[in-house]
Amino acid sequence: PYVITEPCIGVKDASCVDVCPVDCIHTTDDAPQYYINPDQCIDCAACELACPVSAIAHDAALEGDMRRYIEINANFYRS
Ligand code: SF4
Ligand code: F3S
């Protein structure tokens, strides 16, 4: 799945939400960023192209410290 990473923090532009065909990008008012549900994302890449701060990438493309966002996104949907 695609993953939302650090540049989203404090920006929360939400352009990604409007283009997602399966409506799998969510947040809450008090959360620092938006999150992609890894069980619903169909890897269409529309969100990656829509984000003005390049916060979104496929999980396989994430390197180093940015890889922790894979779990950060998934954890938002676990409770
Ligand atoms: Fe939604 Fe497509 Fe982005 Fe996955 S890659 S979160 S399906 S817009
Ligand atoms: Fe965040 Fe970019 Fe979406 S800033 S809310 S990932 S459009």
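Two residues are in contact if their C-beta atoms, placed from the backbone, lie within 7 Å. This is a predicted model, in which local features need pLDDT of at least 70, side-chain atom pairs count only at pLDDT 80 or more, and totals for chains, interfaces and linings use all residues. Residues are numbered from 1 along each chain as its sequence is written, while chains are lettered from A and ligands numbered from 1 in the order in which they are written.

**View 1. Asp 43 and its contacts.** Look for Asp 43 in the loop between strand 3 (35-36) and helix 2 (46-50); helices (H or I, at least four residues) and strands (E, at least two) are DSSP runs, numbered from the N terminus. Setting aside neighbours within four places in sequence, Asp 43 touches Pro 1, Tyr 2 and His 58 by the contact rule.

**View 2**

**View 3. The shell around ligand 2.** Here 14 residues surround ligand 2, and the closest are Cys 8, Asp 13, Cys 16, Tyr 34 and Cys 51; a residue counts as near if its C-beta atom, placed from the backbone, lies within 6 Å of the molecule. By class, the shell has 11 nonpolar, 1 polar and 2 charged residues. Ala, Val, Leu, Ile, Met, Phe, Trp, Tyr, Cys and Pro count as nonpolar, Asp, Glu, Lys and Arg as charged, and the others, Gly among them, as polar.

**View 4. The fold behind the close-ups.** The protein chain has 3 helices and 4 strands, in the order β-α-β-β-α-β-α along the sequence.
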